[in-house]
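Subject: Structure handover, with notes

Hello,

Here is the structure we talked about. Please open it alongside the notes below.

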Amino acid sequence: MMSLLRPASRIFCFCSLLLILCAGPVWATRYYLDSAAGDDASSGLSSDQAWRSLEKINSTTFNPGDEILLKRGGKWQGTLHPKGSGTPENPIRLGAYGEGPRPAIDGGNGPAVLIHNQDAWVIEHLEVTNNKESKQDALKVWAGPRQPHYHFIRIRDCIAHDAGASGIHVGEGTYGNYDDVVIEDCVSYNNQE
């Protein structure tokens, strides 16, 4: 069929196909975390090769379109602070896989989840908490003072409870803030503020 087209039409078809292939998150990767059966020496690229620790996630810089999936029923202690930024078209997704209750993160004396000066994240299906004495938010997305505005945060179907400050907090800092934020279908209770 391509041979029946004029040369200009063939070039147009080739360029259109190239644009379609490049439009999506071609290099996006899905990472798995399992607090019981995971191993940080594994690849993290499938549920049977899942990583185990928050530290492994925290030492990785993620790219637009990547997904970080925590196993349902899993429990972690400490702060999950993944690096990298997505784009509104290809945000980085932090969520859950498998069956059972939401993955639970207890931040102890810090936030359970921290996104700092980063664009375009979708955070969903998590349960987060920390110590009441910590004076820290359970799920904290913030821009430092005098930073540019960051964009596109979606927080969905999360439970934030018993935290030392807010259950879910997006913003912060003089002249540092987030635009295009949606928090939906979340439950926040028994927090300090």
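A word on burial before the notes: buried means under 20% relative accessible area, exposed means over 50%, and partly exposed lies in between (1.4 Å probe, protein chains only). Two points on the source. This is a predicted model, so local features need pLDDT of at least 70 and side-chain atom pairs count only at pLDDT 80 or more, while totals for chains, interfaces and linings use all residues. Residues are numbered from 1 along each chain as its sequence is written, and side-chain values use heavy atoms, with hydrogens and water left out.

Helices (H or I, at least four residues) and strands (E, at least two) are DSSP runs, numbered from the N terminus. Two strands pair if DSSP finds at least two bridges between them. S1 and S2 run parallel, joined by four bridges. Across that pairing, Tyr32 stands opposite Leu69 in S2. S2 also pairs with S4, again in the parallel sense, over five bridges. Here Ile68 stands opposite Leu94 in S4. How enclosed is strand S2 (residues 67-71)? Four of its five residues are buried, so the rest of the structure largely encloses S2.

**Salt bridges**

A salt bridge is a side-chain nitrogen of Lys or Arg within 4 Å of a carboxyl oxygen of Asp or Glu. The structure holds eight of them. One is between Glu67 and Arg30, at 3.0 Å from N to O. Glu67 is in strand S2 and Arg30 in strand S1, so this pair ties together parts 37 residues apart in sequence. Glu67 is buried, at 17% relative accessible area. Arg30 is partly exposed, at 40%. Both belong to a network of salt bridges that links Arg30, Glu67, Arg93, Glu124, Arg156 and Glu184.

Asp34 and Lys71 form another salt bridge, with their closest N and O atoms 3.7 Å apart. This pair links distant parts of the chain: Asp34 is in the loop between S1 and H2, and Lys71 is in strand S2, 37 residues apart. Asp34 counts as buried, at 7% relative accessibility. Lys71 counts as partly exposed, at 34%.

**Asp66, buried without a salt bridge**

Asp66 sits in the loop between helix H2 (54-58) and S2. For charge, Lys and Arg count as positive and Asp and Glu as negative; His and the chain ends are not counted. Asp66 is buried but has no salt bridge. Its nearest side chain of opposite charge is Arg30, 9.4 Å away.

**Aromatic pairs**

Rings of Phe, Tyr and Trp (its six-membered ring) pair if their centres lie within 6.5 Å; planes under 30 degrees apart count as stacked, over 60 as edge-to-face and the rest as tilted. A search of the whole structure finds four such pairs. Tyr32 and Tyr97 have ring centres 4.9 Å apart and planes at 90 degrees, so they are edge-to-face. They link distant parts of the chain, with Tyr32 in strand S1 (residues 30-33) and Tyr97 in strand S4 (residues 92-97), 65 residues apart. Tyr32 is buried at 14% relative accessibility. Tyr97 is buried at 13%.

Tyr150 and Tyr178 form a tilted pair, 5.7 Å centre to centre with 40 degrees between the planes. Tyr150 is in strand S10 (residues 150-156) and Tyr178 in strand S13 (residues 178-184), so the pair ties together parts 28 residues apart in sequence. Ring pairs also link Tyr31, Trp51 and Phe62 into a cluster.

**Arg154**

Arg154 has two partners to look at. With Asp180 it forms a salt bridge, at 2.9 Å from N to O. Asp180 is in strand S13 and Arg154 in strand S10, 26 residues apart. Asp180 is partly exposed, with a relative accessible area of 42%, whereas Arg154 is buried at 12%. The charged end of Arg154 also sits over the ring of Phe152, 3.9 Å from its centre. That label needs NZ of Lys or CZ of Arg within 6 Å of the ring centre and within 35 degrees of the ring normal.

Best wishes
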